[in-house]
Amino acid sequence: MSSARKVLHLALIAAAGALYLGMSHLAATSNHPPLITVLMSILPLSTVSIISAWHSQTRSLSLILFAVCALAFVLNLDYLRSHVAWLYFIQHAGAMLLLCITFGSTLVRGHSNALCSRIASFVTIEPLEADYLSYTWKVTLAWTIFFALSAMASVLLFFFGPIEAWSVFANILTPILLGVMFVGEYLIRLRVMPNRTHFSIAETIDAYREYSRRQSSR
């Protein structure tokens, strides 16, 4: 992919993401949101679910279960439309908790098996020294803490704060904080390991996608 096409591709993804988050905010804070926002609220979760079902060892059973859940959603569309904020909350808090578990579960297997260590192995041809593996283990720990705090904040704001505050956190602040984490980690890496070849933020994201793809295809 050429540089111009890659920039355009990223711009389209950013625009689509901004549109989705904007509509999510409006839907979560509305008493009677448009039907399209209800359908959009389950799009990420349903996409992940059907992909997971397709790659599951019990594919037929998983697909049947997915179809049953989809039917239940259709039959309760009016009710869900008046409680759409719950759909967005479950997705946001659930995603943060799942990512916390995904990253955190690799911390106990040693520095070389930490998730960020595995991701680094996809984008560097140089052997990963002990000090680098120690650093990537700490990065994995930092992401685990970030996702844990995000899940906790989501729950507390949703149940004990105004829905507008939760929506701002989930739909506006969370993407910003994710960006801050990526940029902050990159700048710290440049500082603590100045003599090593460093991969970019985009390469880090691509490596995580490749890692997730390989895990799901097993």
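User: How are α6 and α9 oriented to each other: parallel, antiparallel, perpendicular or oblique?

Analyst: This is a predicted model. The axes of α6 and helix α9, residues 163-192, cross at roughly 50 degrees and come within 11 Å. Roughly parallel needs an angle under 35 degrees, and roughly perpendicular begins at 65. The two helices are therefore oblique.

User: Which residues of α6 and α9 make the contact?

Analyst: α6 passes α9 in a left-handed crossing. On the α6 side the contact is made by Ala 85, Tyr 88, Phe 89, His 92 and Met 96. On the α9 side the residues are Ile 163, Trp 166, Phe 169, Ala 170 and Thr 174.

User: Is Phe 169 buried or exposed?

Analyst: Phe 169 is found in helix α9. Leaving aside neighbours within four places in sequence, its contacts include His 92, Ser 150 and Leu 157. Buried means under 20% relative accessible area. Phe 169 has 9% relative accessibility and therefore counts as buried.

User: How far apart in space are Phe 169 and Ala 153?

Analyst: Ala 153 is also among the residues in contact with Phe 169. In sequence, Phe 169 and Ala 153 are 16 residues apart. From C-alpha to C-alpha, their separation in space is 8.4 Å.

User: How is α6 oriented to α8?

Analyst: α6 and helix α8, residues 130-160, pack with their axes 8 Å apart and at an angle of about 155 degrees. Angles over 145 count as roughly antiparallel, so α6 and α8 are roughly antiparallel.

User: What is the handedness of the crossing of α6 and α8?

Analyst: Residues of α6 that meet α8 include Trp 86, Leu 97, Leu 99 and Phe 103. Those they meet in α8 include Thr 140, Phe 147 and Phe 158. The crossing of this pair is left-handed.

User: What distance does α6 reach from its first C-alpha to its last?

Analyst: α6 has 21 residues. At 1.5 Å a residue, the expected span is 30 Å. The span in the model is close to that value, at 30 Å.

User: How are α7 and α8 oriented to each other?

Analyst: Among the residues that meet here are Leu 115 and Ala 120 in α7, and Tyr 132 and Trp 137 in α8. The axes come within 7 Å and cross at roughly 120 degrees. Roughly perpendicular covers 65 to 115, and roughly antiparallel needs over 145. α7 and α8 are therefore oblique.

User: How many helices and strands does the protein chain have?

Analyst: Of its 218 residues, 30% count as buried. Along the sequence the chain follows the pattern α-α-α-α-α-α-α-α-α-α. The secondary structure comes to 10 helices and 0 strands.

Notes: Residues numbered from 1 in each chain as written. Predicted model: local features only at pLDDT ≥ 70, side-chain atom pairs only at ≥ 80, totals over all residues. Heavy atoms only, no water. Helix = DSSP H or I, 4+ residues; strand = E, 2+ residues; numbered from the N terminus. Expected span 1.5 Å × (residues − 1). Axes fitted to C-alpha atoms, helices over the stretch in contact; angles between N-to-C directions. Left-handed = near helix turned anticlockwise from the far one by under 90°. Contact = heavy atoms within 4.5 Å. Buried < 20%, exposed > 50% of the residue type's maximum accessible area, 1.4 Å probe, protein only.
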